[in-house]
Amino acid sequence: MTGRETLTLYARLRGVKEKEIRRVVNDLLDAVTLKEYANKLCGTYSGGNKRKLSTAIALVGDPQFLMLDEPTTGVDPAARRQIWNVLSKIRASGRTLVLTSHSMEECDALCTKIVIMVNGKFVCFGSPQHLKNKFAQGYTLSVRLARDNDGNAMDSGPIRNFLFGEFPGTEVFEDQQGYLDFQIPSPNLSLAKLFREMERKKSEFGVEDYSVHQTSLEQVFLSFTRKQVPPIDKKSSCSCCFCCRSKPGFAGRIITPTTGVNNTGQIIFAPSTQVGGAANV
């Protein structure tokens, strides 16, 4: 089926009046910038165009409650802004919009309330500005270092040491190819002092330009994900103590447990003995 045929099918399934279907489908194709590919088979679509089509399908019938899973992943920047405009109008019309996203820029642009989940648990809830005010730690100093004749960035060590000494508690968020982001804590921070010291030292440290701004929502998110616990590999470990010990006399061999239930309903573990590649229980 083509994109147009797919939207027409969903329009009929969702009760759109037959005389309105053509207009509704054309409006949706325009909204997600997919009209150029409307008469091509969906199987030939790129990942971004498939994502646009999925978003258009979700919008068929003007639902009052809309759930979207990463609606702009793989979409080009121009189309992403167009989809954001459509979703913003939906939100402004009083309808409920729930979306999941790894793009903090998208959340900041579309969401009035944000929940961040880490290790399967909600760790914070509030408006974007509330989360920045509550969980952001001070200001972010972004620095771009000059490059030598070979295109190599200046050594970042001197400016690191300077900021660590002048502003205790400073941390480095990013240090990539001469681009650095420093997190400077807000208690007793004098912005006048920060700008004065940067102007005085930028030539000495090879700073080409710098900026100071409020901590972004993405950095708030990253501060939470640092606490994330890596998943346990269930194939390499288990909760049974017998699995991690070798039976005396059979060094280096794993004892494989079998499980059963006794007459009290408790799970019991009975170790088997591995001999010559066969397990005797």
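1. A contact here means heavy atoms within 4.5 Å. With that in hand, welcome to this predicted model: among contacts in the protein chain between residues at least 6 apart in sequence, 54% join residues at least 24 apart.

2. The largest pocket has a volume of about 620 Å³. It is lined by 22 residues, and Leu99, Thr100, Cys111, Ile114 and Val115 are the closest to its centre.

3. Which elements build that lining? Strand 2 (96-100), helix 5 (104-110) and strand 3 (114-118) each give at least two residues to the lining of the largest pocket. Strand 2 supplies the largest share, five residues. By class, the lining of the largest pocket has 13 nonpolar, five polar and four charged residues.

4. The second largest pocket has a volume of about 410 Å³. Of its 17 lining residues, Val24, Asp27, Leu28, Leu59 and Asp62 lie closest to its centre. Helix 2 (18-31) and helix 4 (77-92) are the elements that give two or more residues to this lining.

5. Which element gives the largest share of the lining of the second largest pocket? That is helix 2, with six residues. The lining of the second largest pocket divides into eight nonpolar, three polar and six charged residues.

Key: Residues are numbered from 1 along each chain as its sequence is written. This is a predicted model: local features need pLDDT of at least 70, side-chain atom pairs count only at pLDDT 80 or more; totals for chains, interfaces and linings use all residues. Side-chain values use heavy atoms; hydrogens and water are left out. On a 1 Å grid over the protein atoms alone, a cavity is a set of points where a 1.4 Å probe fits but cannot get out, and a pocket is an open set with protein on both sides within 12 Å along at least five of seven lines; lining residues have an atom within 4 Å of a point. Grid points are joined across faces, edges and corners, and a volume is the space filled by probe spheres set on the points. Helices (H or I, at least four residues) and strands (E, at least two) are DSSP runs, numbered from the N terminus. Ala, Val, Leu, Ile, Met, Phe, Trp, Tyr, Cys and Pro count as nonpolar, Asp, Glu, Lys and Arg as charged, and the others, Gly among them, as polar.
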